[in-house]
Amino acid sequence: MTTDIKAALRAQAIETPSWAYGNSGTRFKVFAQPGVPRDPFEKLADAAQVHAFTGIAPSVALHIPWDEVDDYAALSAHAAGLGLRIGAINSNVFQDDDYRLGSVTNPDARIRRKATDHLLACVDVMDATGSDTLKLWFSDGINYPGQDDLRARQDRLAEALSEVYDRLGEGQRFLLEYKLFEPAFYATDVPDWGTAYAHCVRLGEKAQVVVDTGHHAPGTNIEFIVAFLLREGRLGGFDFNSRFYADDDLMVGSADPFQLFRIMFEVVRGGGYGPESGVAFMLDQCHNIEPKIAGQIRSVMNVQEATAKALLVDTGALAAAQAAGDVLGANAVLMDAYNTDVRPLLAELRAEAGLEPDPMAAYARSGYFERVCAERVGGTQAGWGA
Ligand code: LRH
Ligand code: MN
């Protein structure tokens, strides 16, 4: 049992987001922090620290234009030199004045063209960096009833998605992200998993849904969505984070570790765990007030702990209790796994991999943070540019 779990855990791969290493905040304030990277090369150097101490964060998602560079092949080579690879390429059609009334759904055809061209340019970045995944999130929506035609906006969205779909090359795919609200406050054009799923099914196998754990109405059973999308073969990945209220983008597992466990249990049960599953486990977080690299290390560990607990579920006993209609018995099987302290097992796993058993303590002892704070003087710290 433990050997198999260890083998499964050794195959874990979590993708960290380049923007988590830059300054971020809310509409009220983006706090600058010491030692923050000034360019994508320094962001990758910080991401390499997360992989160095956890052993399971081998790829980094980029966001365009936040990570725009003259030479993407050089950036990709820099990543490889750090033991990393470039992961999902994230488009950004939410920070241009032209997109006030929407990007690919905008009533103005010129603006729709501009937005679609950006999405196509992101596929060029995939080609240049060797990335196989494009992640599409649209802030598109309206704030007042009647502001625009809901149906027509879906037609415009479908047209743009179809053009991007046709541009995808061999082995490439796109993940369509949904979000209930914000920045739109009446209707969002891709508000829920069903809308994303329906658009993807119309397009084809290369179009899948990404589940951002901060993008649902309070009380939504996210693991049900996960189970359903896995059954349909349309779960492309996760944007992991956690929240107490809305899209808070806090460290995954920090607000609701039990929910993260339930999600990972459905992932394992649904065949969504492991390199062959094609499910991308990405973090999408902002460390507005806490140190960023340490925050990413803690987040990767939270996913690892939830995964270990999910792998510990005695599926035989669970199936027997479920078949017998033993409600309390079945629930107890899951709770036993959830209530198991997996930290000793993970410390052992790290030691066997030649890593320090406690990544947070090891990173703190490394002096890396103090070093980059001293080195990174001058220049402009990276941020959302919101
Ligand atoms: C939108 C979102 C999306 C990213 C952005 C940084 O809320 O989740 O995935 O593009 O955050
Ligand atoms: Mn996201």
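A polar contact is a pair of N or O atoms within 3.5 Å; within protein, one must be able to donate a hydrogen and the other to accept it, and residues adjacent in sequence count only if both atoms are side-chain atoms. This is a predicted model, in which local features need pLDDT of at least 70 and side-chain atom pairs count only at pLDDT 80 or more, while totals for chains, interfaces and linings use all residues. Residues are numbered from 1 along each chain as its sequence is written, and side-chain values use heavy atoms, without hydrogens and water.

Select K179. A side-chain N or O atom lies 3.1 Å from an oxygen atom of ligand 1. Next, K135: one of its polar side-chain atoms is 3.0 Å from a ligand 1 oxygen. Then H215, where the corresponding distance to an oxygen atom of ligand 1 is 3.2 Å. The protein buries 96% of the 300 Å² that ligand 1 exposes when taken alone (Shrake-Rupley areas, 1.4 Å probe).

Move to the manganese ion, ligand 2. Its protein donors (N, O and S atoms within 2.8 Å of the metal, or 3.2 Å for Na, K and Ca) are E177, D212, D239 and D284, lying 2.1 Å from the ion. Along the chain, the donors follow the spacing E-x34-D-x26-D-x44-D.

Definitions and conventions
Chains lettered and ligands numbered in written order.
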